Amino acid sequence: MSTIEPKKRRHWGRWIIVIIFCFLIGRFLYAVFYKDIHCGGEQAKMVKYLENKYGKKYVTKNCHINMAGMWMKKFFAADAHEVNDASITFEVEGKNGRYHDTFITAYYNNQEEALLGDFIKRNDIKVVKYYSDMVIQDSLEDRLMKLPPINQVFHNYGDQISYDINIVTNGESPNDNDIKNIEKLLEYARSRNYSDYAVRYTINSINCNSRYICQLYGKQEKLNVGVDKSCFINDYGRE
């Protein structure tokens, strides 16, 4: 009985295993270094996109990959700012020459956060940190390319913007002063964008790793919950 045929089969079997192994290693290395392989070219395209859109010079950094959609499509993203002005940093995201950026939102959020800071100081609200967050509908951004004053933006397009205030303070449990602070912040949020506003007030515990959170949002005076101590829920961890 000849043994040549079984030996050939074993020989080809080994080669098939080696080829599959090399293919899998190659795919693994490509996945690991995918960002490094493509980021340089994508960032150059992002810079060109921004310069064509805004007519200024930009730099990008911190290139990374975002995943989105049902099929978890990959999009390249990076932080961007003007070459000689890093006061407003925003994100640009996309792939293969099709990009979107958050400059308009970052521009107005930067102004609004300064106004919120002034309000907090005037009302002597003790905070650890704070920030405001305007979310502008994509369809509105083209109409804001000329960057009209922020008050005009709220007045003309408030129904296309959601406006959130986030406050973090220290304490052990909600007290009457916290409720007064929330009422002031709600009044301020309504005055900024009556159409769609929210306040998130967090009390970090000083003695343990926990916090109390009250989240209120409303549209034209209709709040999701009442403004009292029952609004707060206890949660694990600090912010």
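A crossing of two helices is called left-handed if the near helix is turned anticlockwise from the far one by less than a right angle, and right-handed if clockwise. Keep that in mind, because the crossing of α3 and α6 in this protein is right-handed. What you're looking at is a predicted model, where local features need pLDDT of at least 70, side-chain atom pairs count only at pLDDT 80 or more, and totals for chains, interfaces and linings use all residues. Residues are numbered from 1 along each chain as its sequence is written, and side-chain values use heavy atoms, with hydrogens and water left out.

**The big picture**

- The protein has 6 helices and 10 strands; helices (H or I, at least four residues) and strands (E, at least two) are DSSP runs, numbered from the N terminus.
- Out of 239 residues, 36% count as buried; buried means under 20% relative accessible area, exposed over 50%, and partly exposed in between (1.4 Å probe, protein chains only).
- Take the contacts (heavy atoms within 4.5 Å) between residues at least 6 apart in sequence: 56% of them join residues at least 24 apart.

**Two helices that pack**

- Helix α3 (residues 103-122) packs against helix α6 (residues 176-192) at an angle of about 145 degrees, and their axes are 12 Å apart.
- Here, axes are lines fitted to C-alpha atoms, for helices over the stretch in contact, and angles run from 0 to 180 degrees between N-to-C directions.
- On the α3 side, the contact is made by Glu 112, Leu 115, Leu 116 and Phe 119, while α6 brings Lys 184, Leu 185, Tyr 188 and Arg 192.
- Sort the residues of this contact by type and you get 5 nonpolar, no polar and 3 charged.
- For that sorting, Ala, Val, Leu, Ile, Met, Phe, Trp, Tyr, Cys and Pro count as nonpolar, Asp, Glu, Lys and Arg as charged, and the others, Gly among them, as polar.

**Strand β8 and its partners**

- Strands count as paired if DSSP finds at least two bridges between them.
- β8 (residues 210-219) pairs with β7 (residues 197-204) in the antiparallel sense over 8 bridges, and a hairpin joins β7 to β8 through 5 residues.
- In that pairing, Tyr 197 stands opposite Gly 218 of β8.
- Gly 218 also has a bridge partner in β9, namely Leu 223; β8 and β9 (residues 222-223) are antiparallel, with 2 bridges.
- β10 (residues 233-236) runs antiparallel to β8 too, joined to it by 4 bridges, and Tyr 212 has Asn 234 of β10 as its bridge partner.

**The cysteines**

- There is 1 disulfide, a disulfide being a pair of cysteine sulfur atoms within 2.5 Å.
- The disulfide joins Cys 214 to Cys 231, with 1.8 Å from S to S.
- Cys 214 sits in strand β8 and Cys 231 in the loop between β9 and β10, so the pair ties together parts that are 17 residues apart in sequence.
- The link of Cys 214 and Cys 231 is right-handed, with 95 degrees about the S-S bond.
- Both Cys 214 and Cys 231 are buried, whereas Cys 208 counts as partly exposed because its relative accessibility is 38%.

**Two loop residues with positive phi**

- Asp 124, in the loop between α3 and β5 (129-136), has phi near 55 degrees, a positive value in a residue other than glycine.
- With a relative accessible area of 52%, Asp 124 is exposed.
- Leu 147 has phi near 55 degrees, again positive in a residue other than glycine, and is found in the loop between α4 (138-141) and α5 (150-157).
- Leu 147 is partly exposed, as its relative accessible area is 25%.
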